[in-house]
Amino acid sequence: GGGPEKSSAKPQFRRTITVVVYESSKLLQCDPDNVVLCLLAADEDDDRDVALQIHFTLIQAFCCENDINILRVSNPGRLAELLLLEPDAGRAASEGAEQPPDLHCVLVTNPHSSQWKDPALSQLICFCRESRYMDQWVPVINLPER
């Protein structure tokens, strides 16, 4: 007889994506009026993640129905650096520090209309609108590495 079989425990790191995307979905459904921009970030590895792509498709459909601007970003790692303002985020993760947060789906909420004066956000919204006029409903921004 053979020895005890080793359990093929798969790493669970993929699950965080679903949780975060799920949280974003909940917010979208509860309070879509306050969401002004939805960023979906995915690299080549994520493009092969079927579950993530299904979530993306559902979120994109919801955003289109509710007139929420939506952008795809090609480099989640660079997006994390820009949003978290931590240039060493990648290095810290490899040194065993806590994992950087999952930014596959980032919602920009705008509870107070006075915040619309943010010029960067206004530019992004204009970019999304112009893309829609050209029938590009989900424009993609390629974030270059530094």
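Two strands are taken to pair if DSSP finds at least two bridges between them. Strands (E, at least two residues) and helices (H or I, at least four) are DSSP runs, numbered from the N terminus. The structure is a predicted model, in which local features need pLDDT of at least 70 and side-chain atom pairs count only at pLDDT 80 or more, while totals for chains, interfaces and linings use all residues. Residues are numbered from 1 along each chain as its sequence is written, and side-chain values use heavy atoms, with hydrogens and water left out.

The secondary structure of the chain consists of six helices and four strands, which follow the pattern α-β-α-α-β-α-α-β-α-β along the sequence. Of the 146 residues in the chain, 33% are buried, where buried means under 20% relative accessible area, exposed over 50% and partly exposed in between (1.4 Å probe, protein chains only). Contacts (heavy atoms within 4.5 Å) between residues at least 6 apart in sequence join, in 81% of cases, residues at least 24 apart.

The four strands form an open sheet with mixed pairing and the order S3-S1-S2-S4. S3 and S4 (140–141) are the edge strands; each has a single partner strand, so one side of each is left without a neighbour in the sheet. S1 and S2 run parallel and are joined by five bridges, among them that of Leu40 with Arg72 in S2. S2 and S4 also pair in the parallel sense, over two bridges. Arg72 has Val140 as its bridge partner in S4, and Val73 has Ile141. S2 is mostly covered, with five of its five residues buried. Asn69, Leu71 and Val73 lie on one side of S2 and Ile70 and Arg72 on the other, and both faces are covered.

Val36 belongs to strand S1 and is buried, with a relative accessible area of 9%. Val36 and Ile125 are 89 residues apart in sequence, but their C-alpha atoms are 8.1 Å apart in space.

In helix H4 (residues 76–84), the buried residues are Pro76, Arg78, Leu79, Ala80 and Glu81. The buried residues of H4 pack against strands S1 (35–41), S2 (69–73) and S3 (105–109) and against helix H2 (44–47).

Pockets were located on a 1 Å grid over the protein atoms alone, a pocket being an open set of points with protein on both sides within 12 Å along at least five of seven lines, in contrast to a cavity, where a 1.4 Å probe fits but cannot get out; lining residues have an atom within 4 Å of a point. Grid points are joined across faces, edges and corners, and a volume is the space filled by probe spheres set on the points. The second largest pocket has a volume of about 300 Å³. It is lined by 15 residues, of which Leu37, Leu39, Leu79, Leu83 and Leu124 are the closest to its centre. S1, S2, H4, S3 and helix H6 (119–133) each give two or more residues to this lining. The lining of the second largest pocket comprises 14 nonpolar residues, no polar residue and one charged residue, with Ala, Val, Leu, Ile, Met, Phe, Trp, Tyr, Cys and Pro counted as nonpolar, Asp, Glu, Lys and Arg as charged, and the others, Gly among them, as polar.

No disulfide (a pair of cysteine sulfur atoms within 2.5 Å) is found in a search of the whole structure. Cys38 is buried, at 0% relative accessible area. The closest cysteine sulfur to that of Cys38 is in Cys105, at 4.1 Å, which is too far for a bond. Cys30 is exposed, with a relative accessibility of 68%.
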